[in-house]
Structures are given as structure tokens and as C-alpha cells.
Amino acid sequence: MRPEVRARHAHALTRIHGDDAFLRRFERFFTELHDPLHAVYGDDPRFPAAWDALLDVVAASAAARDPELRALDHEREITPDWLHREQAVGYVAYVDRFAGTLQGVRERLGYLRELGVTYLHLMPLLRTRPEPNDGGYAVTDYGAVEPALGTMDDLRELAADLRAAGMSLCVDVVLNHTAREHPWAVAARRGDARRLAFYRTFADRTEPEAYERTLPEVFPDTAPGNFTFDPELGRWVWTTFNTYQWDLDHANPEVFVAMAAAMLELAAVGVDVLRLDAAPFLWKRAGTDCQNQPEVHDLLQAYRAVVRIAAPAVAFKAEAIVAPRDLVAYLGVGRHEGMECDLAYHNVLMVLLWSTLASRRVALLARTLASMPPVPAGAGWLTYVRCHDDIGWAITDEDAGAVGEDAHLHRRFLTEFYSGVFPGSFARGAPFQPEPSGEARISGTAASLAGLELALEEADALETDLALRRLLVVYAVAFAFGGLPLVYMGDELALRNDPAWAEDPAHADDTRWMHRPPMDWEAAARRADERTPEGFMWTGLRRLVDARRGRPALHGYGVSRPVETGDPHVLGLLREHAGRRMLLLASFSEQRRPVALQVLAEHAVEAGPRAVQPDGRPLRIDGEALVLEPFQHVWCDG
Ligand code: OTU
């Protein structure tokens with residue numbers, strides 16, 4: 001570090017005097033922290049004081065770092081691929097719905113270990129406003145756990161237990177907005193000008209209307225518009241999501257400092273991964289859709305540097321449910337390469353897996369994956385099939401057009417198919433935020449969307465088997481893609497939609513609650529019996545976990561590429577890493593599909609005995625072809 005810089009920050013640096021590792025990190029990441037903040041806030045008169053406050057927070061947090069976490073900092077600095085290894089398997093659950101409280105989660109770790117989980121994402125657990133609170137995404141205190149779930153001490157103990165069991169803990173940081181009841185918003189309503197400046201508010205409709213001309217709506221049905229008039233405040237408040245979720249103003253450097261402090265507080269109790277909720281929305285710019293603005297990436301780089309300096313064991317996961325082109329940017333590209341998030345949800349893969357199940361055609365999936373920019377070095381995907389949110393049909397005109405489809409018509413087809421109204425549909429889902437165009441996002445558990453609910457209702461054994469196979473094949477692609485695969489709570493037991501979801505008046509207008517059922521521990525007790533849907537899915541997923549473990553080609557740093565299989569219903573996905581390769585062949589058809597053995601030869605892979613283990617069914621060779629059973633997947637090693 002330049003001497004004048006050192007002199008300028010002497011105050012902060014003396015606080016961690018003697019901590020050599022911290023000083024080195026401070027020097028190493030100083031520019032990565034300072035430059036983007038200077039670019040964003042340089043002209044703001046509040047910046048100098050905010051910068052000093054930020055360094056104080058960083059230094060204090062580093063100085064107070066728990067010795068066990070310091071050891072973890074060191075361990076992860078020398079093993080930066082800890083989240084990306086082929087052994088990694090994630091699980092995501094609501095604390096209350098999974099186990100009641102944080103203490104309850106501690107008692108269920110055996111279940112997660114049995115499944116092979118190495119990473120646990122617990123849905124929002126900080127203190128929230130009373131219901132409705134968007135499933136906890138309306139925080140009133142970033143420094144406290146929601147009392148119904150436990151305390152910060154419980155969280156610390158859970159994190160320690162997880163660490164001891166070889167699992168990391170991921171927790172949400174809701175960066176874009178707070179609850180209307182957050183003390184900052186309360187103070188703003190009481191006339192506190194400094195707190196008012198934490199939010200984006202307007203005296204009249206002039207500016208909001210100008211923004212609205214180019215702003216999309218996230219919840220058009222239940223929370224129309226992006227602005228809410230607050231009678232107590234007498235002003236219009238920017239509320240991208242629900243009316244009670246007030247958007248923070250990230251153009252204010254004090255907001256940056258406050259949220260950086262919130263991140264470090266979670267790091268201090270032993271949280272390993274921060275899920276950055278709604279990351280694309282952090283910066284607003286008139287005349288745009290106010291998503292994915294360049295400043296968002298500056299801010300994410302600066303947050304990343306804060307955490308790298310003070311708590312380097314902690315990783316970042318971007319929640320950016322955006323178009324393929326915009327998505328990769330969250331992993332750090334161009335001048336942000338290596339400086340942004342470690343993981344990002346591969347929502348493109350997720351959406352197209354459902355598209356493929358409905359159409360039985362792999363072309364759109366293969367083409368879209370092939371046209372995605374590569375993942376920057378050191379970062380990786382989080383691959384998943386379902387999560388707590390709706391499925392939004394992020395299919396672009398360009399990608400659909402390339403395979404001879406009309407994007408709008410295809411999205412309408414998917415909407416109707418997964419709402420269960422399309423003739424012959426196997427799915428039981430529901431529209432979320434329907435649009436006048438006939439398009440809608442979709443709610444429903446993976447099992448219900450894959451046909452299990454309908455098949456069981458009709459007591460149709462053949463359809464039940466097909467539905468379970470569909471569920472397993474989409475999970476197989478998520479597990480074989482490379483990256484960190486995530487199991488959404490209940491999918492391991494093929495849980496169907498929650499029949500009681502609408503009975504809660506706070507949830508009745510939000511179909512997403514349909515696929516947030518409470519954990520069914522009675523169903524879990526049947527997991528050893530493969531003749532039950534629970535046992536079938538559990539065993540199948542267990543095989544996928546084992547199949548990943550033995551395949552270095554699936555390390556998150558590798559490259560995936562769709563390849564031609566000669567059959568429109570069979571996906572070919574080649575994965576390569578460090579001289580290892582694997583070809584996944586996955587059928588998306590209810591019929592038997594032959595694949596020429598030549599395809600394997602072309603990619604120098606073989607279908608040995610290991611290739612069929614994840615699916616469980618034997619391999620059939622017929623002359624020069626490998627014949628895939630309905631939804632069979634084969635993992636051919638090179
Ligand atoms: C996230 O989702 C959460 O996952 C949701 O559960 C919350 O309701 C929401 O934020 C507000 O906190 O629009 O439909 O590109 O798509 O942030 C879900 C990111 C959402 C957005 C995403 C958002």
C-alpha cells in the first residue's frame with residue numbers, strides 16, 4: 001500500500017494492529033474496495049465520513065473475529081474452491097417449515113447428513129414485520145434473528161454444529177429493501193432527514209411517473225406499480241416488490257455502510273455464504289428498467305472486498321433472476337472479473353429444464369446453454385430445479401427464434417401446460433402474477449409440476465413411475481451440469497403442493513405458498529422404502545449425490561457444453577475439467593430412444609457399469625445403439 005494511503009487509514013489500521021493477515025488483505029483488496037466506491041460516490045459530500053465509518057466497521061469486525069472463524073478464513077484462502085467441489089450438495093429450507101426453530105434445525109442435521117448435504121441455505125431468518133412479510137423478505141432488524149425462530153446465539157450454535165458436520169450455512173441478506181417497519185423507515189416517518197435519505201421517496205407523482213414509463217412490475221397482480229403513497233410520510237415511496245418493502249437508496253453511501261455492517265454481523269456468527277437477494281435492483285436509472293445497471297456491479301465488487309478483507313471465509317451468492325446475457329455478469333466479468341459473486345443461481349438452466357419436460361424437445365435448452373457466455377474463472381453455478389419462488393419463463397426472442405419457436409407463444413404454452421389447462425398436461429401448478437398477454441409465471445412443487453400429484457390422484461401406476469422419472473431426470477441434469485446442485489426442501493421426498501396453502505389469509509393472494517409446504521416427517525419416515533414415492537425419490541437423489549462425488553469432471557471450475565445426440569428428445573451434455581470428461585445423456589421422452597454409440601465414440605467416452613448407477617436401470621445396447629428407457633440418464637466417463 002502506498003505510504004500516503006497507509007497514513008490516511010492509520011486510524012482504522014491501528015485497531016487491528018498486530019494482525020498481519022488482516023493488513024495483507026487490506027492492502028490486497030484496498031483498490032477493489034476503494035475504486036468502485038469512489039466511482040459511485042466520489043462526488044457525494046456524505047462519502048468521506050461514510051468511508052471512514054466503513055473502515056471502522058471493517059477493522060472492528062476483523063479485530064473481533066472469532067479464533068475458530070479465523071482458522072476457517074485461513075483454510076478457505078488456501079482452498080478457494082471449497083464451494084465448487086464435486087462433493088458439494090446444497091439443500092434449502094424454511095426454518096419454521098423444516099424444523100420449527102433454529103434449535104429444531106440442529107436436531108435435524110442427521111437427516112441432511114444422510115442425504116449427503118454439504119451446504120444448507122436457510123430462508124430469511126432475520127427479524128421481520130408481522131405477516132404479510134413476503135416469507136421474511138421484509139426485515140426490521142438486520143442484527144437480530146426473528147424471535148419465533150430463535151436468537152443470534154442459536155444461529156451461532158447452529159453454524160458451529162454445521163461446521164463440525166462438514167456443512168456450510170447460507171443466509172439471505174435482503175439488500176434492496178427493508179420492511180416499512182424497520183427503525184430507519186420509522187424514523188423517516190417521524191421526520192428524521194438522515195433516515196429519510198436511506199430510501200427513495202418523492203413529494204409527488206412526477207418522478208415516479210417518469211420512472212414507471214420504463215419500469216417493469218415484479219408483482220403486477222398483488223402489488224401493482226413501483227411506488228406507494230405513504231400517508232404518514234406524505235410522500236411516494238419506491239416499492240419495487242410489495243407496498244411494505246421500501247427500496248433502500250444505494251446512491252446514499254450511508255446505506256452501503258449499513259448493509260456492509262449487516263453482512264459482517266452475519267459473518268461474525270459463522271454464516272458462510274451470503275445470498276444477495278434481488279441484487280439486480282440495487283441501482284435505479286431513469287429511462288431504464290432499473291435492473292442490472294453498471295453501478296450494481298460496482299457495489300457488489302465493493303461489498304465483496306469488504307467481506308474479503310474482514311471475513312474471507314465468507315462467499316457471495318447472487319440472486320439475479322435475469323436474462324442469460326445479464327446473468328453471467330454477477331459472477332464478475334470485464335473489469336469486475338474475480339471480484340464479484342462466487343455463485344449465481346442458474347435460472348436459465350432451471351427454466352429450460354421445465355420447458356424441455358413440457359415440450360419433450362431439448363433444442364431450446366441446448367441452444368440457449370450453448371450461447372451463454374462462459375463462467376469466469378473461480379466462480380460457479382448454483383444449479384437447481386425448484387426454489388421458493390415462481391418459475392418465470394426467461395426465454396428470449398433470440399434463443400426461441402434460433403430453434404424456430406416464437407418466444408411469446410412458447411411462454412404461453414408453458415403457462416398453460418404448468419397450470420394444468422393445456423390438453424394432455426401432466427402438471428398441477430398455478431399461475432403467478434398472470435399478465436394480460438396470457439403469460440404467467442408458475443407456482444407448484446417440482447413433484448406436482450412433474451405429474452406426480454395427478455398420477456397419484458388417478459392411482460395410475462405407470463404415470464406415477466413416469467412422473468418420478470421426470471423429477472429425477474431434471475435433478476440428474478442439475479447434478480451433472482457442474483456447479484453446486486441445490487435440493488429444495490421436500491423434493492427429496494417428492495412432496496406435492498400444499499393443499500392448505502390458501503387457508504392462511506396472509507398468503508392467500510400469493511400462489512408461491514403452494515410450493516412451500518411444511519416438511520412432512522411422516523413421509524420422510526418412508527424414505528427407506530423404494531416402493532413409495534418418497535423412497536423412490538430419496539434413493540434416486542442419494543445415487544445422484546454419490547455419482548457426483550466420484551467425478552472430478554463435475555468440479556465447479558469446469559466447462560459444460562451441450563452436444564448433438566441425433567435425437568431431438570435426448571440431451572447430450574459434455575462436462576470437462578482438468579483433463580477429465582463426462583458425457584451426460586438424458587432422455588426427455590416417455591418413449592424408448594436410441595442413441596448411436598458413435599456419439600459416445602465422438603466424445604471419447606464410454607458407457608461402463610458406472611454410467612447407469614445414477615439412474616439405476618440397466619443399459620440396453622441394440623446393435624450400434626444405446627437404447628434409453630423413458631427419462632433414463634447415463635453418465636459416460638472419458
Ligand atoms: C426475491 O425474488 C426473493 O427470492 C423473493 O422471494 C422475494 O419476494 C423478492 O426477492 C423480494 O425480496 O422478483 O419473483 O432478479 O427476480 O429478486 C421473485 C431477482 C423476485 C428477482 C428476485 C425476486
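Visitor: Which domains does the assignment give for the protein chain?
Guide: Domain 1 covers 1-176 + 248-345, and domain 2 covers 346-637. The bounds come from an automatic or database domain assignment. This is a predicted model: local features need pLDDT of at least 70, side-chain atom pairs count only at pLDDT 80 or more, and totals for chains, interfaces and linings use all residues. Residues are numbered from 1 along each chain as its sequence is written, and side-chain values use heavy atoms, with hydrogens and water left out.

Visitor: What separates the centres of domain 1 and domain 2?
Guide: The centres are 30 Å apart, taken over C-alpha atoms. The contact takes 47 residues from domain 1 and 55 residues from domain 2. Contact means heavy atoms within 4.5 Å.

Visitor: What area is buried between domain 1 and domain 2?
Guide: About 4300 Å², and carbon and sulfur atoms give 62% of that. Buried area is the accessible area (1.4 Å probe) that two parts lose on being put together, summed over both.

Visitor: Which residues in domain 1 lose the most area to domain 2?
Guide: E86, R97 and Y111. Together they make up 18% of what that side buries.

Visitor: How many salt bridges are there between domain 1 and domain 2?
Guide: Two. A salt bridge is a side-chain nitrogen of Lys or Arg within 4 Å of a carboxyl oxygen of Asp or Glu. Elsewhere on the list of salt bridges, D134 forms one with R512. Their closest N and O atoms are 2.8 Å apart.

Visitor: Which element gives the most to the side of domain 1 that touches domain 2?
Guide: β1, with four residues. Strand β1 is residues 90-93. Others supply at least two residues each, including α6 (95-99) and α8 (109-115). Helices (H or I, at least four residues) and strands (E, at least two) are DSSP runs, numbered from the N terminus.

Visitor: New topic. How many residues of strand β11 are buried?
Guide: Five of its five, across residues 273-277. Buried means under 20% relative accessible area, exposed over 50%, partly exposed in between (1.4 Å probe, protein chains only).

Visitor: Which way do they point from β11?
Guide: V273, R275 and D277 point one way, and L274 and L276 the other way. In a regular strand the side chains alternate between the two faces of the sheet.

Visitor: Which strands pair with β11 in the parallel sense?
Guide: Strand β5 (residues 168-174) does, over five bridges. Strand β12 (residues 315-318) also runs parallel to β11, joined by four bridges. Two strands pair if DSSP finds at least two bridges between them. V174 stands opposite D277, and L276 stands opposite A318 in β12.

Visitor: And S168, buried or exposed?
Guide: S168, in strand β5, counts as buried because its relative accessibility is 5%. Not counting residues up to four places away in sequence, S168 touches several residues, among them R76, W82 and D272.

Visitor: What is the strand order in the open sheet of three?
Guide: The order is β7-β9-β8, with antiparallel pairing. β7 (201-202) and β8 (227-230) each have a single partner strand, so one side of each is left without a neighbour in the sheet.

Visitor: Which residue in β9 is the bridge partner of T201?
Guide: V237. β7 and β9 (residues 235-238) pair over two bridges.
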